[in-house]
Amino acid sequence: MKQSNFREFPIDNASILFLSLMRPNHTNTFRFSLQLRKPVDPEILQQAVNNIHPRFPSVIAGLHQEFFHYRQVAAEKAPRVRQDPGLLIPMGKEELAECGFRVYYRDNTITVEVFHALTDGHGTLVVLTALATEYLRLRNDSQEVTALTIPGKPQVCEVVDSYWEMSQHKPRRLPSRFSYLLPRPADADWQVRSSALTVDTKKLLNAAHRYGVTLNTLLTTLLAHTVMQMQQEDRSVRRLKPVRIMVPVDVRKLANSRTLRNCSLYALPTMEAHHRDYSLRHLCQVFAGQLQDQLSSETLSGMASYNVRTQNTWYFKLLPWKLKAAALRIGYRFFGESNSSLTLTNLGRVSLPEELQPHVSDLHCFMTPRVTSPYGCTVMTFGDKLTLNMSRFCPEDQLGKRYFEKILSVLEG
């Protein structure tokens with residue numbers, strides 16, 4: 001890719017699905033908030049956005065619909081900085097055509113929201129870090145930040161579609177299963193609310209070690225166990241269904257990639273109805289085995305190959321975009337929305353550049369729940385704290401309350 005072509009990009013395999021499932025009242029969006037130790041100056045923040053805008057053409061970008069497909073196009077203008085409304089508001093088609101990247105401010109906090117079709121959590125964090133760095137440089141808070149510079153030009157490795165790089169293996173997909181879906185309460189709407197639990201990372205890690213599993217496995221197991229208990233109390237359920245948790249995983253290491261576009265796949269660990277009588281230790285081991293198998297390089301590479309080859313069949317290419325989207329929505333209805341109960345996204349440990357750390361007091365993230373689930377969970381470790389954020393479409397956080405209680409119970413030992 002030549003420097004002159006850093007403007008338009010074919011959408012990646014994940015983007016196709018997010019765009020086809022988009023609704024006027026629902027866009028799958030990341031929301032990251034970085035809290036500084038001093039109030040944010042909106043004029044300086046706007047200048048910082050203006051400065052980094054050309055640096056990230058695939059993230060600070062719009063999505064243009066054409067007859068056969070969408071194209072990811074660098075935004076003509078830097079997004080306008082706005083005061084944070086405090087809500088994650090869906091992005092409409094007109095806004096997405098211009099730019100699917102928002103910047104907000106409130107008090108000491110800088111917030112960015114990004115439509116998932118443009119990038120994933122990793123890409124969002126890279127751009128937010130660059131924005132905070134440039135903001136502090138312009139504010140001239142310290143010599144250290146002033147000396148911290150950002151490469152001035154986009155890099156080819158940042159805009160490649162890494163799914164293609166992984167698609168040279170034998171295609172493989174995880175089997176579809178009808179899973180239990182938490183019912184959408186009568187008073188649910190499309191407003192995204194969130195509840196958070198912050199715990200000591202070391203204590204939670206020690207708890208996971210007591211059960212002989214990783215921290216991520218423990219959190220996934222506890223979430224599945226909570227959902228299974230809620231299913232058992234659901235009077236509309238005549239026969240218990242499996243509880244499957246969709247666990248996205250960053251595959252940049254596997255693909256040897258530095259892309260800022262989407263580069264994640266997923267596992268689908270499952271709690272069967274007969275597992276409800278297992279001890280937590282036994283259930284953790286079941287989930288550990290499933291995750292080990294599904295997150296192997298062979299399985300993940302096979303999934304990438306399956307998705308890319310399906311996308312590039314001759315008959316799919318010849319379909320107009322509206323028919324592609326309709327076909328994907330139908331397929332998702334039968335094989336996607338019923339394939340897992342909800343999503344647990346663990347962004348892992350986030351480390352900011354050393355020069356930024358004295359100026360940042362906290363970092364939070366949550367994202368829009370899926371169309372078919374009233375809940376979604378995002379996990380992130382920052383400093384010595386791990387924060388779980390349960391986003392939801394319903395006023396009452398029944399799942400989050402029970403899940404957080406279960407985590408605290410495990411911490412108490």
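Guide: We will go through sheets, helices and a cavity, one term at a time. Keep in mind that this model is predicted.

Visitor: What makes β1 and β3 edge strands?

Guide: Start with the order of their sheet. Three strands form an open sheet, β1-β4-β3, with antiparallel pairing. β1 (8-10) and β3 (61-65) each have a single partner strand, so one side of each has no neighbour in the sheet. From one strand to the next, the twist averages 30°.

Visitor: How do you know that β1 and β4 are paired?

Guide: Count the bridges. Pairing needs at least two bridges found by DSSP. β1 and β4 (residues 70-74) have three, in the antiparallel sense. Take Phe 9: its bridge partner in β4 is Gln 72.

Visitor: Which strands make up the sheet of five?

Guide: The order is β5-β6-β7-β2-β13. This sheet is open too, and its pairing is mixed. β5 (82-83) and β13 (360-367) are at its edges, each with a single partner strand, so one side of each lacks a neighbour in the sheet.

Visitor: How many bridges join β6 to β7?

Guide: Six bridges join β6 (residues 101-106) to β7 (residues 109-115), and the two strands run antiparallel. Arg 102 has Glu 113 of β7 as its bridge partner.

Visitor: Which strands do helices α2 and α4 lie across?

Guide: Helix α2 (residues 42-52) lies across β6 and β7. Helix α4 (residues 121-139) lies across β2 (29-36), β6, β7 and β13. α2 runs at about 160° to β6. α4 runs at about 30° to β2.

Visitor: What makes the space inside a cavity rather than a pocket?

Guide: A cavity is space where a 1.4 Å probe fits but cannot get out, whereas a pocket is open. The structure holds one cavity of 30 Å³ or more. The largest cavity has about 40 Å³ of space.

Visitor: Which residues line the largest cavity?

Guide: Among them are Asn 25, His 26, Trp 190 and Phe 393. By class, the lining has five nonpolar, four polar and no charged residues.

Notes: Residues are numbered from 1 along each chain as its sequence is written. This is a predicted model: local features need pLDDT of at least 70, side-chain atom pairs count only at pLDDT 80 or more; totals for chains, interfaces and linings use all residues. Side-chain values use heavy atoms; hydrogens and water are left out. On a 1 Å grid over the protein atoms alone, a cavity is a set of points where a 1.4 Å probe fits but cannot get out, and a pocket is an open set with protein on both sides within 12 Å along at least five of seven lines; lining residues have an atom within 4 Å of a point. Grid points are joined across faces, edges and corners, and a volume is the space filled by probe spheres set on the points. Ala, Val, Leu, Ile, Met, Phe, Trp, Tyr, Cys and Pro count as nonpolar, Asp, Glu, Lys and Arg as charged, and the others, Gly among them, as polar. Helices (H or I, at least four residues) and strands (E, at least two) are DSSP runs, numbered from the N terminus. Axes are lines fitted to C-alpha atoms, for helices over the stretch in contact, and angles run from 0 to 180 degrees between N-to-C directions. Contact means heavy atoms within 4.5 Å.
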